[in-house]
Structures are given as C-alpha cells and as structure tokens.
Amino acid sequence: MSKRVPYQLVSRSWKPEPTTFTVNGVEIGKELMMIAGPCAVENEEQIFTITEFLSKLNIKFLRGGAYKPRTSPYSFQGLKSEGLKLMRRAADKFGMAVVTEIMSIDKIDELVQYADILQVGTRNMQNYPLLRALGKINKPVLLKRGMSNTIEEWLLAAEYILSGGNSKIILCERGIRTFETATRNTLDISAVPIAKSLSHLPIIIDPSQGTGARDMIIPMSRAGIAAGADGLIIEVHNQPEEALSDGDQSLYLDQFQEMLDPLSKMANVLNKSFDFQAVVSPIENN
Ligand code: PEP
Ligand code: MN
C-alpha cells in the first residue's frame, strides 16, 4: 500500500497519467522542453541578439527576468515593464514563447499580458496568497522548488495552485541549500525520480541556479535528462562578462549551441525527443 500523502490533486494516486499541455506547439510533459535565455532582460540589443540566436537553433521558449528578486536591494532589479515589453517584442519577432518571473500578486494582470509561462521563483515558493492567485489564471506556472524546502512542501505549494483550478504546472528543481560551498546550491537530481513517482506534473531542471558555475551546466543538464526530467531551463548570454546578473553561470552562445546535439542524442537513447529537434536549422546556414 502506498504511503498517505498530505496533497491530493497533484498526486499520482489521484491522477496516474502524466499531465501534459501545449505551449507554442510543444506538448510539455511529453516532449522535452528547452527554455533558454538570459537571467535578466537588460536592453534591446541584448535580448534581440540572444532571441535571434536561440530561434535559429529552433528553441521554443525564451527565459528572462524583468522583475528580478535579488538578494541585495542594491543589485540590478530588472527593467520591469520595459523589460516585459522588450522580451515580448523579441519573442514575437522570432516565434518564441516568454517565460518570466512573477514576484507579487499586484503584477499578475501585467504579466499575463506579456508572458506565456509565469515563473514562481525559489524565494516565493511559499508565498501562499500568490500561489492561490495563480490558481485562478489561465497561464501555465513554472514552480521552482524553494531553496530550503522539502519535496513534500514543494508539492503542497503546487497543490495551492492546482486546487484553485489551474492544472498547468511545471515543477522546477533549481538546487537547495546544503553544507556544501563548492557550488552555489546543491542540485538535487534525485528530486526528479522522486517527484515523478509522487506526482503526475512535469518536472524540469535548472542547472544554472543549481550550480552557479558555467562549467557545470552541461554535465548537470545531461544528468537531469538521464534522471528523467521533462526539460531544462538554462541561462545563456551574448556577453556573460558584462551581464547584470548571473554572468558566471551563463553559457556563451556557442557553448549552448554545442551542447544541443549530444543532449538530443542522449534523449533519443531514452526514447524521448527535445522540442528543438522538430526542425534542423544549423545556424551557419541562416
Ligand atoms: C532565475 O531563474 O534567474 C532565478 C532568480 O531563479 P531562482 O528563483 O531559482 O533563484
Ligand atoms: Mn538567474
């Protein structure tokens, strides 16, 4: 007999078949999704350069923060409304969907106008009024795991959204706090098979916040897919040295391009395929 769990709607026992839903032509939960882009939208040239590059690789989801939750109040806080508008224009021009963070309830009306998927950051996983409000919107929610939260607490956070009526939820493991200091966070790859066995919701891996270091993004992306994740969210930047946030963990554009082919071969071995494989468009030929 399976153990009694405190959540219901998000559980496998409630709904044995995996949850899938389609955004920008990608059946999330079935195809592997790749979300890529800068940590933050910084200016028009930056976001258009990155978006154009990603679109040529057939990447379907553009990430980028406009409202940024920064540990220090003196750090770059994001371009806010201007950032949302720039990102939407870039995404529309190059046929991509927008994934961006929602920090507070009062920004929901604005965010639903510009974003295709609303990200709840690690610092807000237990913002229960926000989670309840996101249960009432008609847009998917990418729910990061709180950096100090258990898998059970994370699934209960998802239950807040689902019990409000919104079942389009993507779980995202982004690393947790441990005693280890060699990495920014400890990316809990074991959360993937655990969450998969407990819940029907799709789960993706964020190796960027998860490690904090560019050199670890490729191996940890592979590890996430090998563990059964439904996709990845990765920070990339055209000039990581100049980035206004998270430059050290952002891949160079050519590095990102080079990681795709081995990753998709790995996925194929597991009988899965990435959303970007649908059309092969080598960037040199465009
Ligand atoms: C981010 O994706 O840039 C971010 C701030 O994520 P997290 O909430 O996981 O720290
Ligand atoms: Mn970041």
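Which residue in E11 is the bridge partner of His237? Tyr252 in E11 is that partner.

## About the model

This is a predicted model, in which local features need pLDDT of at least 70, side-chain atom pairs count only at pLDDT 80 or more, and totals for chains, interfaces and linings use all residues. Residues are numbered from 1 along each chain as its sequence is written, chains are lettered from A and ligands numbered from 1 in the order in which they are written, and side-chain values use heavy atoms, with hydrogens and water left out.

Strand E10 covers residues 231–237. Helices (H or I, at least four residues) and strands (E, at least two) are DSSP runs, numbered from the N terminus. In E10, 7 of the 7 residues are buried, so the strand is largely enclosed by the rest of the structure. Buried means under 20% relative accessible area, exposed means over 50%, and partly exposed lies in between (1.4 Å probe, protein chains only).

In a regular strand the side chains alternate between the two faces of the sheet. Gly231, Ile233, Glu235 and His237 point one way from E10. Leu232, Ile234 and Val236 point the other way.

E10 pairs with strand E3 (residues 33–37). Two strands pair if DSSP finds at least two bridges between them. E3 and E10 run parallel and are joined by 5 bridges. Gly37 stands opposite Glu235. E10 also pairs with strand E11 (residues 251–252), again in the parallel sense, over 2 bridges.

## The manganese ion

Which residues coordinate the manganese ion (ligand 2)? They are Cys39 through SG, Glu235 through OE and Asp246 through OD, at 2.1 to 2.4 Å. Donors are N, O and S atoms within 2.8 Å of the metal (3.2 Å for Na, K and Ca); water is not among the atoms, so sites may look incomplete. Along the chain, the donors follow the spacing C-x195-E-x10-D. Cys39 lies in the loop between E3 and helix H1 (44–56) and Glu235 in strand E10, so the pair ties together parts that are 196 residues apart in sequence.

Cys39 has 4% relative accessibility. Glu235 has a relative accessible area of 1%. Asp246 has 19% relative accessibility. Asp246 sits in the loop between E10 and E11. Its phi is positive, about 55°, although Asp246 is not a glycine.

## Ligand 1

Which residues surround ligand 1? They are Cys39, Arg63, Lys68, Glu101, Gln119, Gly121, Thr122, Arg123, Lys144, Arg174, Gln209 and Glu235. A residue is near a molecule or strand if one of its heavy atoms lies within 4 Å of it. By class, this shell has 1 nonpolar, 4 polar and 7 charged residues. Ala, Val, Leu, Ile, Met, Phe, Trp, Tyr, Cys and Pro count as nonpolar, Asp, Glu, Lys and Arg as charged, and the others, Gly among them, as polar.

Polar contacts reach oxygen atoms of ligand 1. A polar contact is a pair of N or O atoms within 3.5 Å; within protein, one must be able to donate a hydrogen and the other to accept it, and residues adjacent in sequence count only if both atoms are side-chain atoms. Arg174 has a polar side-chain atom 2.7 Å from an oxygen atom of the ligand. For Arg123 the distance is 3.2 Å. For Glu235 it is 3.2 Å. The protein covers 97% of the 300 Å² of accessible area that ligand 1 has on its own. Accessible areas come from the Shrake-Rupley method with a 1.4 Å probe; for residues, only the protein chains shown count as cover.

Thr211 is in helix H7 (residues 207–211). Thr211 is buried, at 4% relative accessible area. Its side chain reaches the backbone oxygen of Pro207 at 2.9 Å. A polar atom of that side chain also lies 3.3 Å from the backbone nitrogen of Ala213.

Most residues other than glycine have a negative phi. Asn24 has a positive phi, near 50°. Asn24 lies in the loop between strand E1 (21–23) and strand E2 (26–28). Asn24 is partly exposed, with a relative accessible area of 34%. Leu155, in helix H5 (residues 151–163), is buried at 0% relative accessibility. Leu155 and Ser11 are 144 residues apart in sequence and 8.3 Å apart in space, C-alpha to C-alpha.
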